[in-house]
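Below is a short report on a two-chain protein model. Please look over the sequence and the structure before reading on.

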Amino acid sequence: MKKTLTVSGSVGMFIKTTKKLGDNMRISTRGRYSLEAILFLALLPADALVSTREISEKTGISDGYLEQLFILLRKPGIISGVRGAQGGYRLGKPAGDITVGDILRTVEGPLAPVSCLDKESCPSEAECRTRFTWQKLYTEIQHCIDALRISDLVRAYHSMEETEGAL
Amino acid sequence: MKISTRGRYGVRLLIDLAEHADQSHVPLAQIADRQKVSARYLEQVAVILKRAGYIRSIKGASGGYALSRNPVDIMIGDVLRTLEGDMLVVDNPRPGEEESLLQRCIRTSVYSCLNERIASVIDTISLSSLVGTRDDADSPMYYI
């Protein structure tokens, strides 16, 4: 399967290329680690700045990988960075304005389950019996991730924290 | 997050067989030709589908493949899981694997939602619905 990535090669080198059965619908580590790092940032007090090293220590995601992901995530303003000795990263906008879909599309590229859906048109569209199924799948995937905001995850996190603290 | 060619061609192979159920069996070369796929590749997919009991093969010069189940009873989700391994967006946690609260929160909020949505689509689409509606009266018989 050709990966439709608009990402520079330096990020690509971290991506496993093993193609065993069942890997295909997987969200890559790029997507999973980005969600983790962003939720981590969202849980910090407003305006707190953290370095990728600190995030790395707390999440176990490699520092270098985080740097690569943050380059991508800075472009659409999902996170912002402040240079200098006291610098670091924080969310680039309110957690309520960032959706899971924004993050996944930024680091994973197009999320269509088959690449023909990303194209304007397909020569065999009229006789294609499967396009409808793939389109429906794509629509459901998009609905799910576009309805989920980082603020929802923050809320879910706190309620899980409470429940587990009570145990 | 892509369905592999194996999954896509496998579904097309089954649709093709369902659409040509008036023939007792269809040579793979015909399907490959219609679907514009290499016969060699399609053969690999056919082997998996045969092993899983979706199709049966008839050997010989006039041989080929035929569905071994009624298309109404073949759900696309089952076919895709047969061909793709599973249709989950992340691996299930391995036994004994420590998951942080951060990871668990994302799993329950995001990945579970995606897995459920994906299943809700593919587990409600049958092969027959992709072939198009047919009257029961002229629907062909399928032998197992």
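## Chain A at a glance

Chain A has 167 residues, and 41% of them count as buried. Buried means under 20% relative accessible area, exposed means over 50%, and partly exposed lies in between (1.4 Å probe, protein chains only). This is a predicted model, in which local features need pLDDT of at least 70 and side-chain atom pairs count only at pLDDT 80 or more, while totals for chains, interfaces and linings use all residues. Residues are numbered from 1 along each chain as its sequence is written, chains are lettered from A and ligands numbered from 1 in the order in which they are written, and side-chain values use heavy atoms, with hydrogens and water left out.

Seven helices and two strands make up the elements of chain A. Helices (H or I, at least four residues) and strands (E, at least two) are DSSP runs, numbered from the N terminus. Read from that end, the order in chain A is α-α-α-α-β-β-α-α-α. Contact means heavy atoms within 4.5 Å. Take the contacts in chain A between residues at least 6 apart in sequence: 64% of them join residues at least 24 apart.

Glu108(A) sits in helix α5 (residues 100–108) of chain A. Is Glu108(A) buried or exposed? With 10% relative accessibility, Glu108(A) counts as buried. A polar atom of its side chain lies 3.0 Å from the backbone nitrogen of Gly31(A). Glu108(A) and Thr29(A) are 79 residues apart in sequence, yet their C-alpha atoms are 9.3 Å apart in space.

## Where the chains meet

On chain B, 42 residues are in contact with 41 residues of chain A. The two chains bury about 4,000 Å² between them, 69% of it on carbon and sulfur atoms. Buried area here is the accessible area (1.4 Å probe) that two parts lose on being put together, summed over both. Met1(B), Lys2(B) and Leu102(B) supply 22% of the area that chain B buries against chain A, more than any other three residues.

Polar links cross the interface too. Between chain B and chain A there are 12 residue pairs in polar contact, both residues being at pLDDT 80 or more. A polar contact is a pair of N or O atoms within 3.5 Å; within protein, one must be able to donate a hydrogen and the other to accept it, and residues adjacent in sequence count only if both atoms are side-chain atoms.

Which helices of chain B supply at least two residues each to the side that touches chain A? They are α1 (5–19), α4 (76–84), α5 (101–122) and α6 (127–131). The largest share, 17 residues, comes from α5(B). By type, this side of chain B divides into 25 nonpolar, seven polar and 10 charged residues.

## Helix α4 of chain B

The buried residues of α4(B) are Ile76(B), Gly77(B), Val79(B), Leu80(B), Leu83(B) and Glu84(B). Seen down the helix axis, they fall within an arc of 160°, so they line one face of α4(B). The arc is that of the directions from the helix axis to the C-beta atoms. Their cover includes α6 (131–147) of chain A, together with α1, α3 (39–51), α5 and α6 of chain B. Just after α4(B), Gly85(B) takes a positive phi of about 95°.

Ser126(B) lies in the loop between α5 and α6 of chain B. Ser126(B) counts as buried, at 11% relative accessibility. Leaving aside neighbours within four places in sequence, Ser126(B) is in contact with Pro71(B), Val72(B), Ile74(B), Met75(B) and Ile76(B).

## Salt bridges

Side chains of opposite charge can pair when their charged atoms come close. A salt bridge is a side-chain nitrogen of Lys or Arg within 4 Å of a carboxyl oxygen of Asp or Glu. The count over all chains is 14, and five salt bridges cross the interface of chain B and chain A. The table gives some of the pairs.

| Pair | Closest N to O distance |
|---|---|
| Arg117(B) and Glu140(A) | 3.1 Å |
| Arg81(B) and Asp78(B) | 3.7 Å |
| Glu99(B) and Arg107(B) | 2.6 Å |

Arg53(A) and Glu57(A) are four residues apart in helix α3 (residues 52–59) of chain A, so about one helical turn separates them. Both Arg53(A) and Glu57(A) are exposed. Glu99(B) is buried at 18% relative accessibility, and Arg107(B) is buried at 18%.

Notes. Nonpolar A, V, L, I, M, F, W, Y, C, P; charged D, E, K, R; others polar.
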